Amino acid sequence: MRIAVLGAGSMGHGIAQVSAMAGHDVVLRDVESEFVEAGLAGIRENLQGGVDRDKVTETAMAETLERIEGETDLEAAVEAAELVIEAVPEDMDLKKQVVADAEAATDEGTIIASNTSSLSVTEIGSALEQPECAVGLHFFNPPHLMDLVEIVIAEQTDERTESVAIDYVRGLGKEDVVVRDTAGFASSRLGVVTGLEAIRMVEEGVASPADIDEAMRIGYGYPMGPLELTDHVGLDVRLHIAEHLRSELGERFRPPQTLRRKVRAGTLGKKTGEGFYVWEDGERVGMSGDWAGNA
């Protein structure tokens, strides 16, 4: 299948990688060539890490990279695509514009998927001439390591679109859960609550970020603790999602002041080099704030 991924950030290039590893031909598109190149570099880095850990063969790495091309022109990116996946920032107006522009340049019946983690897929799909082709494909960060994909069925999604989405996800070797389109779906709604409470525990001095994360990783089997995950996702993204869920579901999603302060200060997590942890060359090297200097 030919797939176009729109947005070359951490989610977009991860989705492009796992799609190409599963044998699909992929176009990774972003608005600037430097963003595309950064996304392609991220894919090469992920694959090389897999090779170094004996998880990926040199041949598989070369074949995966051969299946991916970069593009800045939207029409060229989606031409002949059977599946388009948008992975642009969590802004409803932006997502609606992107999917509408993509649909206008694709063949009739092309499935248009959103990687949104919390916004209404039904509303995103309302921007399409064929809203029955809209579906949510909520990958988890980082997509090349996380096994779960949440398939979100909008009010308009038809059976063909749902079936293709399920087959695509299973073809990646991922585990799928199918949910109806509600605020926060299943995973974000639960995950955000955990993340916000972990931040409040840091505020109250209950434990260090590392100890809170270790408690959830070892005690509950989380692959990554909620604070480290917040750094990976981006504190600004986590704040935006929390505010959206607060407006939809109530005060239990009120963002903690620590989260607001860090976003205002520009300490947004891994992408800026500091969030709840300090990051160097993509690796966690310590904790920020009162816990600085501790691993």
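This note comments on one helix, one hairpin, the nonpolar cores and the salt bridges of a predicted model.

1. Gly221 follows α9 and has a positive phi, near 75 degrees.

2. Which residues of α9 are buried? They are Pro209, Ala210, Ile212, Asp213 and Met216. Viewed down the axis of α9, these buried residues fall within an arc of 165 degrees, so they line one face of the helix. Asp211, Ile218 and Gly219, on the other side of α9, are exposed.

3. Strands β9 and β10 pair in the antiparallel sense over four bridges, and Glu280 stands opposite Glu283 in β10. Two residues lie between the strands of this hairpin, where Asp281 takes a positive phi near 55 degrees. In β9, Tyr277 and Trp279 form the covered face, whereas Val278 and Glu280 form the uncovered one. In a regular strand the side chains alternate between the two faces of the sheet.

4. The largest nonpolar core has 34 residues, of which Ile85, Leu137, Phe139, Ile151 and Tyr168 touch the most other members. Leaving aside residues up to four places away in sequence, the contacts of Ile85 are Ile3, Ala4, Val5, Leu6, Ile15, Ala113, Leu137 and Tyr168. Another core, of 20 residues, lies apart from the largest one; among its members are Ala210, Leu235, Phe253 and Trp279.

5. The structure holds 13 salt bridges. One of them joins Glu69 and Arg2, whose closest N and O atoms are 3.5 Å apart. This pair links distant parts of the chain, with Glu69 in strand β3 (residues 68-71) and Arg2 in strand β1 (residues 2-6), 67 residues apart. Glu69 counts as partly exposed at 39% relative accessibility, and Arg2 is partly exposed at 23%.

6. Arg246 forms a salt bridge with Glu243, the closest N and O atoms being 3.7 Å apart. Both residues lie in helix α11 (residues 235-249), three residues apart, or about one turn of the helix. The side chains of Arg254 and Glu251 also meet in a salt bridge, at 2.5 Å from N to O. Through shared partners, salt bridges join Glu243, Arg246, Glu251, Arg254 and Arg260 into one network.

Note on methods. Residues are numbered from 1 along each chain as its sequence is written. This is a predicted model: local features need pLDDT of at least 70, side-chain atom pairs count only at pLDDT 80 or more; totals for chains, interfaces and linings use all residues. Side-chain values use heavy atoms; hydrogens and water are left out. Buried means under 20% relative accessible area, exposed over 50%, partly exposed in between (1.4 Å probe, protein chains only). The arc is that of the directions from the helix axis to the C-beta atoms. Two strands pair if DSSP finds at least two bridges between them. A nonpolar core is a set of buried Ala, Val, Leu, Ile, Met, Phe, Trp, Tyr and Cys residues joined through side-chain atoms within 4.5 Å. Contact means heavy atoms within 4.5 Å. A salt bridge is a side-chain nitrogen of Lys or Arg within 4 Å of a carboxyl oxygen of Asp or Glu.
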